[in-house]
Amino acid sequence: MSISRRRFLKWAGAANLALIPGKSAIAASNRHFEGYPQGGGVLFDSTLCIGCRKCEKGCNEVNDFPAPVKPFDDLSVLDERRRTGNTAFTVVNRYKTSDGSDTTAYRKIQCNHCLEPACAAVCFVKAFNKTPTGAVEYDASVCVGCRYCMMACPFDVPTFEYNEAFNPRVQKCTLCQPRLEEGLLPGCVEICPTDALIFGERKKLLKIARNRIENHPDQYIDHIYGEHEMGGTSWLYLSGVPFKELGMKEDLGIKPALEFTSGALSAVPIVIGLWPVLLLGMYGVSKRLDKEALEEQDEAIKVSLENAAEEAAKKLETALNKADKAKKREIETAVKKALAEAESPQEGNEES
Amino acid sequence: MKTKKSAVILTSALLMLFIPYSFNNAISDTGRSGPDVLLIDAMKVFQELERPGVMFPHDLHTKELENRGNDCSVCHLSEDGNLVMKFARLKDIDKEVTLDIYHGKCITCHEESYEANLSTGPVECGECHVVEPKLTASQKLPSFDASLHYRHIKAGKDACDNCHHGYNEETQQKIYTKGEEESCRTCHGPETENEVVSYRLAAHQACVNCHQNTADSGPIACSGCHDAAELDKIEVVENPPRLDRNQPDSTFLKSFANMDTLMMDAVPFNHRVHENSVSSCRTCHHENLDKCEKCHSLTGKKEGNFITLPQAMHDEKSQHGCVACHAQELQEQNCRGCHVLVVNEFGRDTQDCKNCHSVSLELISSLKNDQGEVDIARIEAKAARETRTILKDVPEKIDIGTISEEYEAVFFPHRSIIDALMKGIEGNRLAKHFHQGDNIVCASCHHNSSDELLKPPNCSSCHLTSGGKEAVNIPGLKEAYHQQCFRCHDAMSIKEPASTDCIGCHEQK
Amino acid sequence: MVDETKALRKKSLLTPVNIISGIILVAGLYATIIRFTQGLGAVTALSDYNPWGIWIWFKLVAITLAGAGYTTCAAVYVFGMKRYHSAVRPAVLIGLLGYTLFAVSLVYDLGRPYRLPYPFFVSQGTTSVLFEIGLCVAFYLIVLYLEFSPAGLEWLGFRKIRNIAVKATMALTMFGIILSTLHQSSLGALYLSAPSKLHPLWYSGYLPIYFFITSIYGGLAMVIFVFWLSERYLPDNIGHAYQEEKTGVVLGFAKAISMVLVGYFFIRIFGISTANSWHHLFSSWGVLFLIEMLVGILLPAILFAIGAREKNITLIRWTAVLTILGIIYNKFFISTYAFNWQLSPVDRYFPSGLEVILTLFMITVGVVAFRVITSLMPVFFEHKDYPSSH
């Protein structure tokens with residue numbers, strides 16, 4: 001099965017054109033996205049949070065979710081560790097801290113609206129979008145429900161409507177995008193009684209956070225969680241105890257999720273470009289080797305045939321020579337005999 | 001079949017590679033941690049240790065030797081009638097000799113005891129030089145505080161030279177000069193250097209020998225000084241008499257810019273009161289009893305580790321300076337409520353400096369009495385009078401009415417709260433000194449406002465009633481109230497009303 | 001000849017294998033109905049912490065073992081090893097069924113399977129590895145079906161079209177190799193996105209390469225395994241050319257797999273080294289990892305080498321099973337057990353009964369399809385009209 005060079009080039013060219021991705025992932029570059037210029041964010045100050053769960057209530061009301069089984073002022077739910085759910089975009093958890101036997105701290109869990117979100121990077125239908133307001137938006141109208149976003153989110157935030165048979169959606173905090181567009185605050189921020197949550201431009205929030213740390217160094221851990229984690233998040237956290245004690249992962253690193261797979265993706269065009277060359281080369285080499293093997297075989301046959309002919313000729317010669325000699329000897333013997341016979345009767349005649 | 005057999009053997013060999021993992025390498029040896037366990041790492045003065053140091057149970061050995069009718073001299077040499085606390089030698093000479101001393105004495109004794117069928121110790125290298133020893137040392141360091149010092153003075157009948165000595169380089173003799181007593185650690189550092197033995201060695205040499213030679217005195221066993229439980233049992237003398245070392249009762253801390261101008265206003269410093277607040281002189285006089293400026297000059301010098309005088313005084317962490325120690329006091333429950341709210345004192349506000357740097361050169365002169373001495377107590381009394389004047393006008397209660405559609409007004413018992421705070425201040429001398437003047441007590445809640453505290457500004461002048469889209473570091477009114485109240489309650493461990501108990505403070509409408 | 005022998009034997013359909021297959025198929029159909037009427041939650045034990053479960057495991061294993069298709073075609077057409085020619089069609093069938101089952105499993109696993117065309121036609125998420133997998137798998141499915149079409153066309157008797165299809169083999173093979181390289185490695189790249197969730201002994205920047213290599217040796221081992229089963233259980237389908245070449249195929253593949261396994265063993269170790277995860281070996285995870293390395297990779301490498309040298313077909317066959325189990329073990333850890341390893345035990349995942357049934361269902365469908373197709377179409381045997389096709 002041979003393939004003409006022309007035909008191959010035609011196909012390879014077409015394949016390359018067809019497979020060029022629209023926006024290629026840049027593996028090795030110095031670009032660092034620091035958020036849209038006016039991108040908003042929320043600063044959560046754990047030292048101010050009293051675990052009253054008003055934020056959960058606010059979120060529930062703003063999103064028109066059904067009332068939960070246990071009402072929001074039932075603080076006994078804080079005895080268990082909870083996570084976000086289909087109708088609970090945010091939850092507050094209580095953590096025992098190592099300051100002393102009685103000390104507790106609280107943390108509010110919700111989508112962190114990362115600057116370079118993992119969910120957006122891995123979604124193969126581009127259902128997630130980082131908007132200029134700072135929110136990471138989810139578009140349920142294209143979502144296929146593959147749940148890669150849930151797998152990739154380092155904060156385990158998105159939830160899935162597993163019990164919905166036909167139109168299951170991924171659910172997560174929306175940063176109240178519609179409210180933001182009307183100039184209102186996100187539901188949780190507005191209702192928080194202690195200003196543990198403040199909303200504003202991310203850049204400004206960072207300055208405020210640094211200010212707080214500088215002014216009260218013994219009250220805060222000297223780190224703003226979310227400033228750099230996973231490339232930076234819009235939700236920033238301050239804490240008086242190590243973030244690990246609030247159940248937050250401290251081993252995430254600062255690389256945005258996108259960059260984990262951009263290396264692998266950037267290899268795709270290389271494979272598409274080089275593999276045909278390699279494969280054709282191997283095919284060509286193997287064919288060439290086959291051809292040479294055949295030629296060698298032919299050559300070997302020819303040579304052995306020639307040798308055989310030569311040998312046969314030689315054998316014939318020696319045989320003929322032998323036969324010649326044998327014949328000559330025969331003739332000589334016969335002549336000798338005849339001569340001998342001829343001489344002997346003469347001897348008989350002389351005696352009488 | 002050959003291949004099957006070799007395959008089986010190969011497989012088993014591979015599998016055996018990770019059998020070791022399945023064993024938990026716990027030799028169930030119950031470990032012990034005690035004050036009598038010593039780490040023998042004498043070789044480290046010569047070279048880096050080739051084997052781990054030996055954990056040596058001292059009590060075990062003294063008891064066993066006692067049972068055999070022996071005493072300390074089995075292991076310890078004597079010099080001038082006193083035991084030398086090093087093991088079987090007077091000093092470290094060289095590596096080989098020291099090694100031979102240890103191995104020679106220890107192993108020989110253990111072997112001989114074994115021959116004699118007595119209980120004995122290890123002889124193999126690895127049994128003494130254990131990599132992960134189960135026997136560990138835990139010595140609590142005793143605090144030779146004023147009380148203990150006084151008891152020693154009494155026991156020694158006021159003979160300071162029992163313990164305190166200096167050293168004459170020329171005559172190479174120990175000498176004693178009255179009025180120049182220092183702490184042991186002024187000369188005896190953590191490691192032996194040249195002829196000056198380490199503090200540890202010196203202390204044991206001095207203390208243990210004296211206790212041994214004096215009947216009915218202090219402890220000889222390790223645990224007597226190094227065991228936490230036994231340390232607690234040591235009798236404490238309340239308010240021991242003041243040590244006289246020619247120190248001033250009070251002074252003014254000042255630095256001169258030139259002949260007659262100070263760098264900053266002087267700090268009135270009541271030395272006498274501070275003597276009672278620290279465990280020993282070394283808390284502040286951490287190297288010797290000289291003045292701070294001797295080593296900490298204005299620009300820093302080698303003796304002071306290049307730490308300048310201002311740094312030494314104001315460092316936020318070092319217990320040797322003023323600020324860190326006072327800052328620690330702010331963590332007391334009575335103080336925390338307000339002090340978590342105010343911005344960090346250290347140099348944010350020029351007002352802060354005046355809390356200490358409060359006395360000008362002219363005032364110093366005017367405060368001197370006929371003998372040329374200054375009585376700082378007069379300054380303190382004056383300020384205290386001013387504070388009490390304003391507080392009697394504080395209102396009884398206030399209704400914080402501008403809240404929301406959801407809740408009624410808050411009944412705020414202003415007077416009783418101020419009274420409680422003042423009680424905490426009055427009971428604490430440090431607090432009294434720093435809470436002088438008109439506005440200090442009120443300033444944590446009525447912050448960022450003028451001195452006219454009888455008519456404090458309306459909170460909503462700065463704390464707007466609605467959240468606002470713009471993120472600024474000023475909370476809204478609701479949030480400000482809540483932050484203020486919750487933080488103070490939390491810091492002072494006030495459990496009721498709980499922060500999450502909304503109707504505890506304001507009724508539902 | 002094949003038809004005559006078939007006619008001579010009277011076979012009942014109610015063999016034990018068929019009965020079990022039947023039960024699984026029925027149970028699977030029941031579970032399917034529940035899945036598509038009541039949603040994923042009714043059928044699986046998936047949760048918000050564990051969005052992917054054993055169906056992903058199945059998909060990974062299926063695609064890895066379906067590498068039989070492109071590896072065998074590469075050997076025969078690109079490297080010119082004509083002595084394996086009789087293995088091509090069965091291998092392509094394995095590939096085809098593997099990928100088809102992958103697609104079927106995807107339909108079950110996706111929240112909205114009716115939106116499968118979306119990433120191609122509606123909204124392309126080009127930053128996503130899954131997008132690239134989707135594209136490549138879609139194209140490769142077409143390639144597989146086209147590669148297998150000669151067998152189907154011979155069975156149907158469409159001579160002209162069949163001849164055209166056969167001419168495309170070389171191009172299809174090359175295209176298939178390119179696509180397989182891309183998506184096999186991208187399946188590994190899927191897990192690059194979650195470094196904090198996958199245990200460091202299994203997480204590596206080299207995951208794409210690891211997955212690609214497992215597909216090579218897994219595919220070849222799968223060929224050996226399927227051949228064994230086919231000879232044992234479907235002897236009526238086996239033809240002349242296959243019989244002649246089969247020993248050569250097994251021995252040749254064994255040699256190849258052995259070498260690939262050794263290389264793979266070393267690059268796994270290099271992966272641990274570059275990540276400096278040595279200390280993880282001294283934990284219970286380390287024991288499990290070493291089992292995979294020593295019993296799942298190194299041991300088969302040695303046994304394949306021994307088997308090839310001693311020409312011990314039985315040893316090679318059992319080693320192929322061990323290799324496949326090693327792949328199943330590895331993908332199990334990556335997709336399920338070592339994933340979310342730091343989560344508290346209450347949040348960890350354990351599959352539900354219906355989930356397991358549906359997985360068995362998909363495997364059974366594949367097996368049944370394989371049996372039916374190989375008995376009808378000229379996969380293991382040559383069609384009488386096309387004697388030279390093998």
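How many of the 12 residues of α4(C) are buried? The count is 11, so α4(C) is mostly covered under the cut-off of 20% relative accessible area. This is a predicted model.

**Helix α4 of chain C**

- Helix α4 of chain C covers residues 54-65.
- At 1.5 Å a residue, its 12 residues should span 16 Å.
- Among the buried residues of α4(C) are Ile54(C), Trp55(C), Ile56(C) and Phe58(C).
- Lys59(C) and Thr64(C) are also on the buried list.

**Where chain C meets chain A**

- Chain C brings 65 residues to the contact, and chain A brings 62 residues.
- In chain C, Asp48(C), Arg112(C) and Thr127(C) lose the most area to chain A. Together they make up 13% of what that side buries.
- The size of an interface is often given as the accessible area lost when the parts come together.
- For chain C and chain A, the buried area is about 5,400 Å². Carbon and sulfur atoms give 64% of that area.
- The two chains share 31 residue pairs in polar contact, counting pairs with both residues at pLDDT 80 or more.
- Several helices of chain C each supply at least two residues to the side that touches chain A, including α2 (16-38), α5 (68-78) and α8 (129-156).
- α10(C) gives the most to that side of chain C, with 10 residues.
- The residues on the side of chain C that touches chain A split into 37 nonpolar, 19 polar and 9 charged.

**Salt bridges**

- Side chains of opposite charge can pair when their charged atoms come close.
- Over all chains, the salt bridge count comes to 33.
- Across the interface of chain C and chain A, there are 3 salt bridges.
- One of the pairings between these chains is Lys82(C) with Asp290(A), where the closest N and O atoms are 3.7 Å apart.
- In chain B, Arg32(B) and Asp36(B) meet in a salt bridge at 3.2 Å, N to O. Arg32(B) is partly exposed, with a relative accessible area of 37%. Asp36(B) is buried, at 3%.
- Glu195(B) and Lys91(B) meet in a salt bridge at 3.7 Å, N to O. This pair links distant parts of the chain, 104 residues apart. Glu195(B) lies in the loop between β8 (173-175) and α7 (199-213) of chain B. Lys91(B) lies in the loop between β5 (82-83) and α4 (95-115) of chain B.
- Glu195(B) is exposed, with a relative accessible area of 63%. Lys91(B) is partly exposed, at 48%.
- Lys294(B) pairs with Asp290(B) in a salt bridge, the closest N and O atoms being 3.3 Å apart. Asp290(B) is partly exposed, with a relative accessible area of 31%.
- A network of salt bridges links Lys178(B), Glu181(B), Glu182(B) and Arg245(B).

**A buried asparagine in a loop**

- Asn340(C) sits in the loop between α14 (313-337) and α15 (353-376) of chain C.
- Its relative accessible area is 3%, so Asn340(C) counts as buried.
- Leaving aside neighbours within four places in sequence, Asn340(C) is in contact with Tyr49(C), Asn50(C), Lys197(C) and Arg348(C).

**Chain A as a whole**

- Chain A has 8 helices and 9 strands.
- Of its 352 residues, 45% count as buried.
- Among contacts in chain A between residues at least 6 apart in sequence, 59% join residues at least 24 apart.

**Backbone features**

- Most residues other than glycine have a negative phi, and most peptide bonds are trans.
- Lys126(A) has a positive phi of about 50 degrees. Lys126(A) lies in the loop between α3 (118-122) and β4 (128-130) of chain A. At 44% relative accessibility, Lys126(A) is partly exposed.
- Lys157(B) has a positive phi of about 55 degrees. Its place is in the loop between α6 (146-155) and β7 (166-168) of chain B. Lys157(B) is exposed, with a relative accessible area of 68%.
- Glu496(B) and Pro497(B) are joined by a cis peptide bond, with omega about 5 degrees. Pro497(B) lies in the loop between α19 (477-491) and α20 (502-505) of chain B.

Methods: Residues numbered from 1 in each chain as written. Chains lettered and ligands numbered in written order. Predicted model: local features only at pLDDT ≥ 70, side-chain atom pairs only at ≥ 80, totals over all residues. Heavy atoms only, no water. Contact = heavy atoms within 4.5 Å. Buried area = accessible area lost by both parts, 1.4 Å probe. Salt bridge = Lys/Arg side-chain N within 4 Å of Asp/Glu carboxyl O. Polar contact = N/O pair within 3.5 Å; in protein donor to acceptor, adjacent residues only side chain to side chain. Helix = DSSP H or I, 4+ residues; strand = E, 2+ residues; numbered from the N terminus. Nonpolar A, V, L, I, M, F, W, Y, C, P; charged D, E, K, R; others polar. Buried < 20%, exposed > 50% of the residue type's maximum accessible area, 1.4 Å probe, protein only. Expected span 1.5 Å × (residues − 1).
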